[in-house]
Amino acid sequence: MPYANYEDVKKYRENNKEKRYKQAKIWRENNKEYCKENNKKYQLENKETLKEKRKQKYDENREKILEHAKTDPNTIRRSRIQNWKRIGVKCDNFNELYDKYINTKKCEICNIDLVEGNKTNEKKCLDHDHQTGNFRNVLCNKCNNERWRGYNKINWKEKETCECGCIISKINLLRHKESKKHIELMKHLKK
């Protein structure tokens, strides 16, 4: 039934929101490829406009976004795991490691109560082997620093020549052997 004016159309849309939403959802499900192509095409044609809109939305909601990032458990988890990966921690299941980290309340060496934060000696730290990247313990900042200092007093200045010809400190040798530079040099030497 055609509508005589826009007000009738508007009223129909308001009264049938759920029905229209379900119909649109079914149509999108049946036409996934078409929707995907159109979406890709739209994004390519409007790249700059979309970028500006995202920037504008971020600028308008910056405080909310930052507050959400500080308080949302999933965002905190994802951020912390990304940071561990960035500093070289290796683990089969980072979610289990995160749960262990969160549930640890006492330092595994000196047994003091751990706190969240950045400035204190009681700060919770994830201790890992800097050569292999393997997780060792959840420690307080003080014990983590002492372990690091003690470990590095022995190995920090000792150098070793890698088979590719690079002179590397012993502490970084394993990490170096996984690097692109080492792999490229080894390919070149084998030829």
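Is N144 buried or exposed? In this predicted model, N144 has a relative accessibility of 17%. The cut-off for burial is under 20%, so N144 counts as buried. The residue is part of helix α8, which covers residues 141-155. Beyond its neighbours within four places in sequence, N144 makes contact with C125, D127 and L139.

The accessible surface of the protein chain amounts to about 15,500 Å². Carbon and sulfur atoms supply 50% of that surface.

The protein chain contains 10 helices and 4 strands. Their order from the N terminus is α-α-α-α-α-α-α-β-β-α-β-β-α-α. Contacts were also sorted by sequence separation. Of those between residues at least 6 apart in sequence, 27% link residues at least 24 apart.

Helix α5 spans residues 62-71, and helix α6 spans residues 73-86. Their axes come within 5 Å and cross at roughly 75 degrees. Angles of 65 to 115 degrees count as roughly perpendicular, and α5 and α6 are therefore roughly perpendicular to each other. On the α5 side, the contact involves H68, A69, K70 and T71. On the α6 side, P73, T75 and I76 take part. By residue class, this contact comprises 3 nonpolar, 3 polar and 1 charged.

Conventions: Residues are numbered from 1 along each chain as its sequence is written. This is a predicted model: local features need pLDDT of at least 70, side-chain atom pairs count only at pLDDT 80 or more; totals for chains, interfaces and linings use all residues. Side-chain values use heavy atoms; hydrogens and water are left out. Helices (H or I, at least four residues) and strands (E, at least two) are DSSP runs, numbered from the N terminus. Contact means heavy atoms within 4.5 Å. Accessible areas come from the Shrake-Rupley method with a 1.4 Å probe; for residues, only the protein chains shown count as cover. Buried means under 20% relative accessible area, exposed over 50%, partly exposed in between (1.4 Å probe, protein chains only). Axes are lines fitted to C-alpha atoms, for helices over the stretch in contact, and angles run from 0 to 180 degrees between N-to-C directions. Angles under 35 degrees count as roughly parallel, over 145 as roughly antiparallel, 65 to 115 as roughly perpendicular and the rest as oblique. Ala, Val, Leu, Ile, Met, Phe, Trp, Tyr, Cys and Pro count as nonpolar, Asp, Glu, Lys and Arg as charged, and the others, Gly among them, as polar.
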